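Opening the notebook on a two-chain model.

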Amino acid sequence: MIHTDYGYEIRARDRLLCVYLYGEIDHHSAVGLREDLDALILRERPKRLVLDLSRIEFMDSAGLGLLMGRYRLMCDLGGEMAVEKPNERVMKILRLAGMERFFEIGGRRGERE
Amino acid sequence: MKRKQRGEINRLNLCLPAKSVNEGVARAAVAIFCAQHDPSATELADIKCAVSEAVTNCIVHAYPHGEGEIYITVVLYADKTVRVVIKDHGCGISDVARAREPLYTTDAVGERSGMGFTVMENFMDRLVVRSRVGKGTVVAMTKRIGACAAKE
């Protein structure tokens with residue numbers, strides 16, 4: 001894959017919003033994702049936002065900014081946010097930035113703990 | 001550095017305009033080239049991430065007005081070391097030590113994490129940053145392939 005390919009699917013019920021992201025998250029894709037996610041959050045007004053990263057193959061520090069920004073927005077709206085199923089490589093950067101201090105990271109894939 | 005003793009076996013020179021779409025192009029090209037050293041999936045992911053950070057810095061910081069070129073050189077050495085040099089002729093960094101601090105960002109309104117140099121430092125074995133205001137920045141990173149398994 002030469003270009004940055006990304007996208008998402010959503011499932012919303014009972015004020016739970018699940019977003020299944022796929023592809024690569026970098027500074028290039030984060031701009032569009034940020035706008036789309038914020039529009040979704042403001043439309044759905046979920047109590048809980050779950051970002052499923054199981055199909056994210058690549059993420060750099062722009063992804064950290066994207067996650068922190070959505071976490072702050074959810075906090076401002078009185079809701080909570082969780083991240084699910086990052087692969088081992090995505091988990092490495094989440095751990096480096098200490099993201100577990102802010103939001104729950106669940107259902108890790110390929111974790112060797 | 002013992003660069004001469006290592007023995008260069010292959011080299012890639014790449015020049016890309018500072019467009020965000022080239023972040024993906026740059027890391028994919030570097031990854032394909034580094035595959036000659038048979039890195040593990042983790043090592044390859046580390047290199048891709050470090051390259052993505054350095055290239056993003058050029059696009060976001062070095063050339064804030066969008067015009068400019070990014071020069072990438074990848075050298076493979078016989079001792080399974082990879083050296084990646086990413087250079088720009090952009091605005092430069094006035095305080096490199098500060099820029100390298102974790103969470104430091106010049107971006108007050110946006111959503112940058114300030115973790116770019118921290119990622120490069122942690123995902124590669126060595127990181128050297130040289131910069132001159134008004135002249136540009138050179139980021140040189142090295143990583144030994146195969147050392148990762150022993151370290152973890």
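**Entry 1: a valine and the core**

I started at B:Val30 and skipped its neighbours within four places in sequence; it is then in contact with B:Ile47, B:Val51, B:Ile72, B:Val74 and B:Val84. Contact here means that the C-beta atoms of two residues, placed from the backbone, lie within 7 Å.

Before going on, I noted the ground rules. This is a predicted model, where local features need pLDDT of at least 70 and side-chain atom pairs count only at pLDDT 80 or more, while totals for chains, interfaces and linings use all residues. Residues are numbered from 1 along each chain as its sequence is written, and chains are lettered from A and ligands numbered from 1 in the order in which they are written.

Which residues have the most contacts inside the largest nonpolar core? They are A:Ile25, B:Val30, B:Ala50, B:Cys58 and B:Met120, in a core of 65 residues. Such a core is a set of buried Ala, Val, Leu, Ile, Met, Phe, Trp, Tyr and Cys residues joined through C-beta atoms within 7 Å. Buried means 20 or more other C-beta atoms within 10 Å of the residue's own, exposed means 12 or fewer, and partly exposed is in between, with C-beta atoms placed from the backbone. Helix α3 (residues 41-62) of chain B gives this core its largest share, eleven residues. For the element names I use DSSP runs numbered from the N terminus: helices are H or I with at least four residues, strands are E with at least two.

**Entry 2: chain B sheet**

I traced an open sheet of five strands in chain B, ordered β1-β2-β3-β5-β4, with antiparallel pairing. Pairing takes at least two DSSP bridges between two strands. At the edges stand β1 (8-17) and β4 (126-132) of chain B, each with a single partner strand, so one side of each has no neighbour in the sheet. The twist averages 10 degrees from one strand to the next. Angles run from 0 to 180 degrees between N-to-C directions, with axes fitted to C-alpha atoms, for helices over the stretch in contact.

β4(B) pairs with strand β5 (residues 136-144) of chain B over seven bridges, in the antiparallel sense. In that strand, B:Ala140 is opposite B:Val128.

Helix α2 (residues 22-34) of chain B lies across β1, β2 (69-77) and β3 (81-88) of chain B, at about 170 degrees to β1(B). α3(B) lies across β2, β3 and β5 of chain B, at about 10 degrees to β3(B).

**Entry 3: chain A**

Next I read off the element order of chain A from the N terminus: β-β-α-β-α-β-α-β. Its five strands make an open sheet, β1-β2-β3-β4-β5, with mixed pairing. Neighbouring strands here are turned by 20 degrees against each other on average, direction ignored. Helix α1 (residues 27-44) of chain A lies across β1, β2 and β3 (48-59) of chain A, at about 175 degrees to β2(A).

I also checked burial: 42% of the 113 residues of chain A count as buried.

**Entry 4: the interface**
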